[in-house]
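I opened the model today to look up strand pairing and a few backbone angles. My entries follow in the order I made them.

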Amino acid sequence: FSAAIKTTEDRMTVSVKGASFDTRPLIKSMLTTRQPADASKPGDGSGVDMAVDASFDRVYANRGEVITGVAGKLRVRGGKVAQAEISGSFLSGHPIVMRIEPSATGRELRVTGRDGGAILRAANLYSKVAGGELGFVAANANDKNSSVRQGKLTIRNFEVRNEAALAELDARGKPKKSGPRREGLAFTKLTLPFTSDDRFVKIGESLIKGADLGATAEGVIRKADGAKIGRAHV
């Protein structure tokens, strides 16, 4: 890759181009709960206003997902991404767009794409969704942990494949006594509202609907170890 940097007294302009970029460490750092011990100390560059223009032929994400033709423009203030627009396409040809915009209380993150399963795998969140049109929005508070005050994940027209918990259910949502396992189930819509802080992700009343099966769920995920506490009704 190549990089060009221009600086003034209060701004740095960075242009980065490359054949490939491995985003897996970056994705992991975005999902971690740990924060720098002293991120605002002099000399760390957090006070510099940065404008970043990046383009990569191929970007590698989690679980083998690859995004091609990635182009992005970012504005970094105080060591945080204040504004961004990044776009590309998965190997399937389906596009993905991520936007970050400033808001009155912090920042708003939006992710849209026509291959929801690939997006979830790329983020290393869940591997068994196939296809689906995904919309994700999160209103991040302006605090050191970038906690989410209001978030929502929506996926339409997708399948869940090779999920053991679903494979053993019949059309009424009851455990099967006999018969073949289902390899996949089609769903028309998933809605999942959530909030988060430095310790927990709190999932509100979530709904998944399909022709054969529907369910509701809510609960709490502890970030430190991924432990889940909640309830579900099929």
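I began with strands E3 and E4, which pair in the antiparallel sense over 10 bridges. E4 covers residues 66-77. The model is a predicted one. E3 and E4 form a hairpin, and five residues lie between them. In that turn I found Arg 63 with a positive phi of about 55 degrees.

Next I looked up the pairing of E3 with strand E2. E2 (residues 11-22) and E3 (residues 49-60) pair in the parallel sense over 11 bridges. Here I noted Val 16 opposite Ala 54 in E3.

I then turned to positive phi values elsewhere. Most residues other than glycine have a negative phi. Asn 124 has a phi near 65 degrees, a positive value in a residue other than glycine. I located Asn 124 in the loop between helix H2 (116-122) and strand E8 (129-130). Asn 124 counts as partly exposed, because its relative accessibility is 41%, between the 20% and 50% cut-offs.

Asn 157 is not a glycine either, and its phi is positive at about 55 degrees. I placed Asn 157 in strand E10. Its relative accessible area is 59%, so I logged Asn 157 as exposed.

My last entry is Thr 154, in strand E10 (residues 148-161). Is Thr 154 buried or exposed? Thr 154 is buried, because its relative accessible area of 17% falls under 20%. Leaving out residues up to four places away in sequence, I listed its contacts as Glu 133, Leu 134, Gly 135, Lys 189, Leu 190 and Thr 191.

Key: Residues numbered from 1 in each chain as written. Predicted model: local features only at pLDDT ≥ 70, side-chain atom pairs only at ≥ 80, totals over all residues. Heavy atoms only, no water. Helix = DSSP H or I, 4+ residues; strand = E, 2+ residues; numbered from the N terminus. Buried < 20%, exposed > 50% of the residue type's maximum accessible area, 1.4 Å probe, protein only. Contact = heavy atoms within 4.5 Å. Pairing = 2+ DSSP bridges.
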